[in-house]
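Q: Hi! Could you walk me through this one? I'd like to start with the overall layout and then look at some details.

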Amino acid sequence: KEKAEKAEAKARAAKEKLEKGRVNPGEMFRTEQYSAWDGEGLPTHDKEGKPITQSQLKKLKKLQLAQDKLHKAYLQHISDLEIYFVWVLLSSGINAEYGEGKGGEGGGEGKGSQGEA
């Protein structure tokens, strides 16, 4: 029972980490809290138009770097899922449904495909 709870907690933590990674680091500070941003999405001015201090900017850069790592892991996970999904489709013969192979619309078999006159 304890093993199952630990495994469940670990899975929950991994899911939460992936969810956090959905946010693009270049967009994470584009909120009402700030009024201007640089090319990397880091705020340059607060909502009142006052410039962000160097110490604030350093903290924000650190947060953005951490988000970048989470976002890259999220994108890799999504890519891995897509590759796995395509592999499953191809290995089960479903690729014919997408116009390739037997019986699909793009398969090249049927009336008019061989230059009938």
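Q: In what order do the elements of the chain run from the N terminus on?
A: They run α-β-β-α. That makes two helices and two strands in the chain. Keep in mind that this is a predicted model.

Q: Thanks! In what sense do β1 and β2 pair?
A: They pair in the antiparallel sense, with three bridges between β1 (residues 34-37) and β2 (residues 43-46).

Q: Let's switch to the helices. At what angle do α1 and α2 pack?
A: The angle is about 105°, and the axes of α1 (residues 2-20) and α2 are 8 Å apart. Angles of 65 to 115 degrees count as roughly perpendicular, so α1 and α2 are roughly perpendicular to each other.

Q: Which residues make that contact?
A: From α1 there are Lys17, Leu18 and Lys20, and α2 brings Gln67, Leu70, Ala73, Tyr74 and His77.

Q: What does the side chain of Gln67 have a polar atom close to, at 2.8 Å?
A: The backbone oxygen of Val23 lies at that distance, 2.8 Å. Leaving aside residues up to four places away in sequence, Gln67 touches Lys20, Gly21, Val23, Pro25 and Met28.

Q: Which backbone oxygen does the side chain of His71 reach?
A: That of Val23, at 3.3 Å. So the backbone oxygen of Val23 has a polar side-chain atom of Gln67 at 2.8 Å and the His71 side chain at 3.3 Å, with His71 counting as buried at 12% relative accessibility. His71 also lies in α2.

Q: What else does His71 touch?
A: Besides Val23, the list has Gly21, Arg22, Asn24 and Pro25, again not counting residues up to four places away in sequence.

Q: Last topic, the whole chain. What share of the residues counts as buried?
A: 17% of the 117 residues. The chain exposes about 9,800 Å², and carbon and sulfur atoms supply 55% of that area.

Q: And what share of the contacts joins residues at least 24 apart?
A: It is 34%, taken among contacts between residues at least 6 apart in sequence.

Notes:
Residues are numbered from 1 along each chain as its sequence is written. This is a predicted model: local features need pLDDT of at least 70, side-chain atom pairs count only at pLDDT 80 or more; totals for chains, interfaces and linings use all residues. Side-chain values use heavy atoms; hydrogens and water are left out. Two strands pair if DSSP finds at least two bridges between them. Helices (H or I, at least four residues) and strands (E, at least two) are DSSP runs, numbered from the N terminus. Buried means under 20% relative accessible area, exposed over 50%, partly exposed in between (1.4 Å probe, protein chains only). Contact means heavy atoms within 4.5 Å. Accessible areas come from the Shrake-Rupley method with a 1.4 Å probe; for residues, only the protein chains shown count as cover. A polar contact is a pair of N or O atoms within 3.5 Å; within protein, one must be able to donate a hydrogen and the other to accept it, and residues adjacent in sequence count only if both atoms are side-chain atoms. Axes are lines fitted to C-alpha atoms, for helices over the stretch in contact, and angles run from 0 to 180 degrees between N-to-C directions. Angles under 35 degrees count as roughly parallel, over 145 as roughly antiparallel, 65 to 115 as roughly perpendicular and the rest as oblique.
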